[in-house]
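Dear colleague,

Please find below the structure that I am handing over to you.

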Amino acid sequence: MFAYCTDPSLLQGLAWLSCYLTSGTHLLFYASFGTVLLLLAITAPIALLFGFGGAMASRSRIAPLRWFGGIYTSMVRGVPDIIFFLFVPIALDQGFEWVRHQVLCDSDAPVRQGNDFVVCAAAKLPLNDAAPWVHDVYGIFLAVIAFSIVFGAFAANVLSGAMAAVPRAQLETAEAYGMSPAQVNRRVLMPQMWTYALPGLSNLWMILIKATPLLFLLGVEDIVYWARELGGSKTSAFSYPHPDWRLYYFLAILVFYLGMTWISERVLGRVTRRLSRGQATLGGEAERKGAPA
């Protein structure tokens, strides 16, 4: 906040607006954009790891692993995303609290009492006297797990298809040279599959970006929460010194997501061209023909 903001009675026009847009609540609004970026940075690799595990499980020669991979991919893909975004955090939260209740609470009362889930104060997560940032971190942690499970299932389907697209002749040639199945996977299958997987993973990344506003449903104070909070003329607790400005706040969010999409398309396009170079795929062939003689 600027020095001239100390006396609100003297503020008018642009001076008032500059002070208003640099208030403490607006700084939290600006920081919430970082929350979205942090969620993407953490969720993307974890979801890819889940997807890789699901794809390998679905190709396993061990029947239980193969069944698990197929069930994980089919179940998550067949249920609306919002159901998992609401179910997984609640299930994890209650699971953690149940375990803590069994260890920390000296009580014989059942945890499930009708429709209520009741644990002692020591088992609550986070604790009632925890700092606000602890509640935020815990909410983001649950959100990361929910996003990773859902998008990991989609990634598993993409990676499984990419593995199947690698020419079988190359794998058989590697086996003929005496490579073990693990060596074939590591030296032939894995390097080759990324060329086929990247278009699907690129689309999945775009969907993940568009899904981040669902953080609002999980109680995380993200950009949607603050846009609704600050854009309205009043809330249940506060009255703001302006009319309904939600259009402008959501317009800022629109610009943010369009910018994220534009940057992602440029980066993913360069990565695709780099991975396709020299590969016996359509992308590699196009790259070869476009190269100068």
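In what follows, a residue is buried if its relative accessible area is under 20%, exposed if over 50%, and partly exposed in between, as computed with a 1.4 Å probe on protein chains only. Please note that this is a predicted model, in which local features need pLDDT of at least 70 and side-chain atom pairs count only at pLDDT 80 or more, while totals for chains, interfaces and linings use all residues. Residues are numbered from 1 along each chain as its sequence is written, and side-chain values use heavy atoms, with hydrogens and water left out.

Overall organisation

The protein chain has 10 helices and 2 strands; helices (H or I, at least four residues) and strands (E, at least two) are DSSP runs, numbered from the N terminus. Along the sequence, these elements follow the pattern α-α-α-α-β-β-α-α-α-α-α-α. Of the 293 residues in the protein chain, 34% count as buried. Contact here means heavy atoms within 4.5 Å. Among the contacts in the protein chain with a separation of 6 or more, 64% are accounted for by residues 24 or more positions apart.

The disulfide

The structure holds 1 disulfide, the term being used for a pair of cysteine sulfur atoms within 2.5 Å. The bond is formed by cysteine 105 and cysteine 120, with 1.6 Å between their sulfur atoms. The link of cysteine 105 and cysteine 120 is left-handed, with -60 degrees about the S-S bond. Cysteine 105 lies in the loop between helix H4 (81-104) and strand S1 (112-113), and cysteine 120 in the loop between strand S2 (116-117) and helix H5 (132-165), so the pair ties together parts that are 15 residues apart in sequence. Cysteine 105 is buried, at a relative accessible area of 12%, whereas cysteine 120 is partly exposed, at 24%.

The loop between S2 and H5 also holds proline 126. The peptide bond from leucine 125 to proline 126 is cis, with omega near -15 degrees. For context, most peptide bonds are trans.

Helix packing

Two packed helices are described by the angle between their axes and the distance between the axes. The axes are lines fitted to C-alpha atoms, for helices over the stretch in contact, and the angles run from 0 to 180 degrees between N-to-C directions. Angles under 35 degrees count as roughly parallel, over 145 as roughly antiparallel, 65 to 115 as roughly perpendicular, and the rest as oblique. A crossing is left-handed if the near helix is turned anticlockwise from the far one by less than a right angle, and right-handed if clockwise. In the residue classes, Ala, Val, Leu, Ile, Met, Phe, Trp, Tyr, Cys and Pro count as nonpolar, Asp, Glu, Lys and Arg as charged, and the others, Gly among them, as polar.

Helix H2 (residues 24-58) and helix H3 (residues 63-77) have axes that come within 7 Å and cross at roughly 130 degrees. H2 and H3 are therefore oblique to each other, and H2 passes H3 in a left-handed crossing. On the H2 side, Phe50, Gly54, Ala57 and Ser58 meet Leu65, Arg66, Gly69, Gly70 and Tyr72 of H3. The residues of this contact divide into 4 nonpolar, 4 polar and 1 charged.

H2 also packs with helix H8 (residues 223-231), at an angle of about 155 degrees and with the axes 8 Å apart. This makes H2 roughly antiparallel to H8. The crossing in which H2 passes H8 is left-handed. From H2, the contact involves Thr25, His26, Leu28, Phe29, Ser32, Phe33 and Val36, and from H8, Ile223, Trp226, Ala227 and Leu230. By class, the contact of H2 with H8 has 8 nonpolar, 3 polar and no charged residues.

Helix H7 (residues 181-211) and helix H9 (residues 246-276) pack at about 175 degrees, with their axes 10 Å apart. H7 and H9 are therefore roughly antiparallel to each other. Residues making the contact include Trp194, Leu198 and Trp205 of H7 and Tyr257, Met260 and Glu265 of H9. The contact of H7 with H9 has 10 nonpolar, 6 polar and 1 charged residues. Serine 264, in helix H9, counts as buried at 7% relative accessibility. Leaving aside its neighbours within four places in sequence, serine 264 is in contact with Trp205, Met206 and Ile209.

Yours sincerely
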